[in-house]
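This report describes the surroundings of a ligand and then turns to a single residue elsewhere in the description. Please look at the sequence and structure first.

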Amino acid sequence: MTFSIQGLAVARGIAIGRAVLVASSRMDVAHYFIKPAEIASEIERVRAGRNAVVDEIRRLQASITHMGPKEAPHELTALLDVHLMLLEDVELISGVKHWITDRLYNAEWALTTQLEVIARQFDEMEDEYLRERKADLEQIAEKVLRAMKGVASPVVTPNARSTRKPSQQDLLLDDTVDVPLILVAHDLSPSDMLQFKQSVFAGFITDVGGKTSHTAIVARSLDIPAVVGARLSSQLVRQDDWVIIDGDAGVVVVDPSPIILAEYGFKQRQGELERGRLSRLLHTPAVTLDGQKIELLANIEMPEDTPGAVKAGAVGVGLFRSEFLFMGRQGKLPNEEEQFQAYRRAIEGMQGMPVTIRTVDIGADKPLDKSLKDDAHLNPALGLRAIRWSLADPAMFLTQLRAILRAAAFGKVKLLIPMLVHASEIRQTLSLIDHARAELDNRGTPYGPVQIGAMIEIPAAALTLKVFLRYFDFLSIGTNDLIQYTLAIDRADESVAHLYDPLHPAVLRLVAGTIAECVAQGKEVSVCGEMAGDVSLTRLLLGMGLRSFSMHPAQILAVKQEILRADTAKLAPWAEQVMADEEPGQRITRR
Ligand code: PEP
Ligand code: MG
């Protein structure tokens, strides 16, 4: 039966494929396709893993039989019996074989997929005792996965088919192997998303998350359709269901009828044609009708993103979120050399164009590791995040600063500091930058010049610009946080996402005020939050006087199209009117 789930539109486009449900806790399990010739060895890997766990349990049982009833409580023996029974469960074994043989999933992926199928059945059981056996199932799967780690896995070969769009024919014939896969999860951390940069998935759906949560931001940078905040989707969608993601409308359609499939297939082709049309603008300079030259920069997460930025026509990197180099490493931070090499790769990747490296912005929805998620503090977004985190650990911060300064010897680098608010923090930061230079001098290590800038992403910063203008070479407006902190809306919380409004008059006043003040003082200013890549806001930002936009590479051409049609002389008075409105959103056609 067809049904739809409303979520939040994150990354545009339509994806049609089969659902792959992945538990958030198992996101680090490898997902790749094997070759048909590898089916037997892959099944053998699971079998060997399972046998190792069975042997371990049997050994434990044997040692227990020598104990007296006091040391070997009845619960423990019963538990081991249950674990053995689950390991021998026919449905588990045959299901895993099915995913490997019929879908060519690698062994770990096949095991966790089948685990999800069975876990769902446990959830639906009336009997509480049986329902609770789900935890045992999780435990044995965990053990098998661990045992499999010792068994060599074939080389990961992402299969080309994953990026292929299915034809209408495929969909109607219900071709089970060669169709795109849609990842469905309760939640994904930003670092999980990063893993999927090279992934086999054609789209993402999550139950939770706001439109500008960092998970959504990374999804957007992958440039594949995604919907977040589609509540309960990980419970309502079943493994292998056909699903459609409408990334423009934020809708998920489950088990679509042939008519609906045909309709979305048509929409998908229209989107591809539109992209084709936009690609013709690649070499067109971003200049408005009245001759204003506009700078279009890229936001990146990793040095490996730079070829995509160059290909999209970016004239530099306006925001390198360096924290992604620090995440998902079990707390082991990258040392100076590793960071230096990463920054250097990004600089060289941009082929002489400027690269703005933002110092780490760890905290809130970007924990160093999922397991280190800050649940201890009531308001992590207001806590030890970004520059506060860096200033609390000067040795770590100095390491990063030295790496950036060294990399600056290889190209034009701008150093950007996130979440500053106090003059004292500014002075402390600048003195640490001097200190890092002095350390390099003492070591005799060469380094290059950097321009230093601050992010304006806290209302207090936007309201005390004078201090920032005095100390910094340039400013970059982080609208994602500026909106969050101005409106007191958690950007990652889908339950208040309808109140997260870039067009609230207070937000517009802070953004416009910052741009105007910078223009008046001849200071460089750009917007690097998601507002910069939102085509429905391009004209408004141009009208406010903005001439530098930084966004995901995939959004550059669409924004350029808006710029080519704009006349800033006319937009300036119009923007004034919009800002004076009680509900400015009413004059803007959201796309
Ligand atoms: C912002 O807050 O707008 C920004 C660009 O930084 P981040 O999204 O990484 O917090
Ligand atoms: Mg921010």
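## Residues around the ligand

A residue counts as near a molecule if one of its heavy atoms lies within 4 Å of it. The model shown is predicted. Ligand 1 is surrounded by 17 residues. The closest are Arg321, Arg358, Gly478, Asn480 and Arg491.

Sorted by class, this shell holds 8 charged, 5 polar and 4 nonpolar residues.

## Polar atoms and burial

Oxygen atoms of ligand 1 have polar side-chain atoms beside them. For Arg321 the distance between such a pair is 2.8 Å. A polar side-chain atom of Asp481 is 2.9 Å from an oxygen atom of the ligand, and for one of Glu457 the distance is 3.0 Å.

Ligand 1 would expose 290 Å² if taken alone, and the protein buries 100% of that area. The space that ligand 1 takes up is the largest cavity.

## Elements that form the shell

Which elements give two or more residues to the shell around ligand 1? They are helix 9 (214-222), strand 10 (317-321) and helix 19 (479-487). Helix 19 provides the largest share of the shell, with 3 residues.

## Gln561

Gln561 is located in helix 22, which covers residues 556-564. Apart from neighbours within four places in sequence, Gln561 is in contact with Glu274, Leu278 and Leu281.

Thr288 and Gln561 are 273 residues apart along the chain, and 9.7 Å separates their C-alpha atoms.

Conventions
Residues are numbered from 1 along each chain as its sequence is written. Chains are lettered from A and ligands numbered from 1 in the order in which they are written. This is a predicted model: local features need pLDDT of at least 70, side-chain atom pairs count only at pLDDT 80 or more; totals for chains, interfaces and linings use all residues. Side-chain values use heavy atoms; hydrogens and water are left out. A polar contact is a pair of N or O atoms within 3.5 Å; within protein, one must be able to donate a hydrogen and the other to accept it, and residues adjacent in sequence count only if both atoms are side-chain atoms. Accessible areas come from the Shrake-Rupley method with a 1.4 Å probe; for residues, only the protein chains shown count as cover. On a 1 Å grid over the protein atoms alone, a cavity is a set of points where a 1.4 Å probe fits but cannot get out, and a pocket is an open set with protein on both sides within 12 Å along at least five of seven lines; lining residues have an atom within 4 Å of a point. A molecule sits in a cavity or pocket if more than half of its atoms lie within 2 Å of its grid points. Helices (H or I, at least four residues) and strands (E, at least two) are DSSP runs, numbered from the N terminus. Ala, Val, Leu, Ile, Met, Phe, Trp, Tyr, Cys and Pro count as nonpolar, Asp, Glu, Lys and Arg as charged, and the others, Gly among them, as polar. Contact means heavy atoms within 4.5 Å.
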